[in-house]
Structures are given as C-alpha cells and as structure tokens.
Amino acid sequence: EEGADFIETDILASKDGALICFHDVTLDDTTDISGRKEFANRRRTYEVEWANVTGWFVVDFTLEELKTLKVKQRYSFRDQQYNGKFSIITFEEFISVALDASRTVGIYPEIKDPVFINKHVKWADGKKFEDKFVDTLLKYGYRGQYMSENWLKQPLFIQSFAPSSLVHVSNLTDSPKIFLIDDTTVRTQDTNQSYWEITSDDYLAYISNYVVGLGPWKDTIVPVAKNYLLEPTDLVARAHAHNLQVHPYTYRNENQFLHFDFHQDPYAEFDFWINTMGVDGLFTDFAGSVHKYQELKSPHPKDATANSLLVKIAQLIAAYEGH
C-alpha cells in the first residue's frame, strides 16, 4: 500500500528446521517471551558473531512453539497499536505476501547469521541453512539473473553479511545477490575479515564474481561526527567501477536518525543519497516516504497517459492561438 518496490526480511531457523522471518537470533526484544512462564527455563548463553549473548534463542524453539508467541514493536517511539496481535511468520508466508500483491513486488530476504544457525540447527537430509533457503526460493519460482525475464516477473535480491554463504548459494541459484557490509569495527562472522579487507579493490574484484552489489551501513559511506556528515568515502565510486550496485541501510524518518545536515527532512536525505552520492537503492523503515519522494521527483506524473498528454498539448495550442 505504501508503494515499496521490495519487501525485506531476515531469515532464521527454528529448532525443527523451519525457516522463519525474524531479525534477532534472540526473541527477547520483539516478542512476549519474557512473560511466558512455561518457557522460563529456555534462557541460554551462546556465542553469536564473536560475542556471548544471553536470552531466549529462536533455535531452541520449534515452529509450533514460536507460533504461540506474539510480536511487538522494538522502539517505544513508534506505533504500538499492533503489539500482541500477530505471530512470527515463516519464509513461505512472507513470500505469499509478495506473490499475492496486486502488482509486482520484489522480495529481499537475508541469510541471517548462517554460522550460528548451522551450528545449532541440523536438517535430516544433511543440507545446510543456505541450501534450505534457496530450496524455498526455487519452490516458489524465484530464479533467473538480474533483469532477466523471470527476474522481472518475480524480482529478488538475496542478501547476507557472510561472504562464504553468498559463494555457496552462487552454486545453487543464479538469482542476484548482495554482500552486506557492517560498521568499520565489525569483522565478518564467517571469514573473520576486517571492514578494510572486504572493501579493498582486490576484494571487490573477487566478490563481484558472486554478487551484483553491496549493502553497506550508510555511515561507512559517509562518516559521521557529532551527528554531522563528514567527507564521503570513495566506496560508491569504487563499487561502481567493479560494476557493483550499492544499496545502503537503514534510512529512518525520526529526528534521532536524521543527521543535522538534513534539517529533520527525510526527503533531503533521500535526495542527497540518490542524487549526490549516486546509490542504486535504499533500505528504509519508511517505504511510503521514499515512494512519495520518487513520485515528486518523477518527470512523468501519475496521470501522464497518452490521452491526457494530448489534452494538455491541445490546451497549450488553444492558449497560444488565442493570442
């Protein structure tokens, strides 16, 4: 309804191997798990991306158990009216949202924390998390290279922070993939590489064999100090030189997320990133705002059908002849 080109989700796996849509490997921040006494003894401490994390982990619950939980809004400053009304959904249910839409809507799922998932979830057929992820996409007809006939009918980008996962799925599907890049202080979860290693020209040349683009944290492209933008890096230019798209994340409308340079105006932020920085796509929590910005900037208004253009031309001629 807001006009999103793609809908994005992170994919994790339950204890019994079901693929679910969920952002955190723990359930603590966005479900009612803490109030569920029957699950009080399920709290664990596991290593996740080089750090110990304590909480209720998705990998310790079956899909049936996860479906009994109700989700809630993470941020107190956002709309709370949907808290407790909905359950966690599966990857297949997410796909149905896109396929049931009245227009073509792409999907942009993330292979989330594959190192952690493959350590804690085992499938009977010996397949890995990444295999099951691709199997689900193929089941619903998602296949084909970027801009191919099939891709245009069912647009898809596969994203992951784990380069080895992207390399692995490249052997399973030719659908376009995006290599996500975290903050400059974060090492890759699978190959333990630094930000500087994975954004070097040599590495961009290597990863371009497997992906069509990068998804960097936006503050790594344009560093920030005291909430003001600093001099942009050359990451976008170098990515484009390797024929890689750049889809930064995450754009949010609230004042605490808008750098002072944009004067609390999200449209000014979109304009800067699209027209000054030249990025090829945006991850946003506010798809409706980006869509309205696109419409405002579009050279062709919504009603610009051939007939309406002819009417306007006739009106212009009539006005001219009147003089």
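How many residues lie between β3 and β4 in their hairpin? There are two residues between these strands. The model described here is predicted.

**The hairpin**

Strand β3 covers residues 44-48, and strand β4 covers residues 51-55. The two strands pair in the antiparallel sense. Five bridges join them. Take Tyr46 as an example: its bridge partner in β4 is Val53.

**The whole protein**

The protein has 323 residues, and 46% of them count as buried. Its secondary structure comes to 13 helices and eleven strands. Along the principal axes, the C-alpha atoms fill a box of roughly 85 × 45 × 45 Å.

Contacts across the sequence come next.

The accessible surface is about 17,000 Å². Carbon and sulfur atoms hold 52% of that surface. As for charge, the protein carries 32 positive and 47 negative side chains. The centres of the two sets lie 6 Å apart.

**Aromatic pairs**

The whole structure holds 33 aromatic pairs. One of them joins Phe6 and Trp151, with planes at 45°, so this pair is tilted. Where do its two members lie? Phe6 lies in strand β1 (residues 6-13), and Trp151 lies in helix α5 (residues 149-153). The pair therefore ties together parts that are 145 residues apart in sequence.

Trp151 also forms an aromatic pair with Phe157. That pair is edge-to-face. The table sets out both pairs.

| Pair | Centre to centre | Angle between planes | Type |
|---|---|---|---|
| Phe6 and Trp151 | 6.3 Å | 45° | tilted |
| Trp151 and Phe157 | 5.7 Å | 70° | edge-to-face |

Are these residues buried or exposed? The cut-off for buried is under 20% relative accessible area. Trp151 has 6% relative accessibility, so Trp151 counts as buried. Phe157 has 4%, so Phe157 counts as buried too. Phe6 has 26% relative accessibility, so Phe6 counts as partly exposed.

Phe6, Trp151 and Phe157 belong to one aromatic cluster. Other members of this cluster include Tyr108, Tyr146 and Phe161. Trp217, Tyr249 and Phe283 are also in the cluster.

Key:
Residues numbered from 1 in each chain as written. Predicted model: local features only at pLDDT ≥ 70, side-chain atom pairs only at ≥ 80, totals over all residues. Heavy atoms only, no water. Helix = DSSP H or I, 4+ residues; strand = E, 2+ residues; numbered from the N terminus. Buried < 20%, exposed > 50% of the residue type's maximum accessible area, 1.4 Å probe, protein only. Areas by Shrake-Rupley, 256 points an atom, 1.4 Å probe, with all protein chains shown as cover. Lys, Arg positive; Asp, Glu negative; His and termini not counted. Charge placed at Lys NZ, Arg CZ, Asp CG, Glu CD. Pairing = 2+ DSSP bridges. Phe/Tyr/Trp six-rings, centres within 6.5 Å; stacked < 30°, edge-to-face > 60°.
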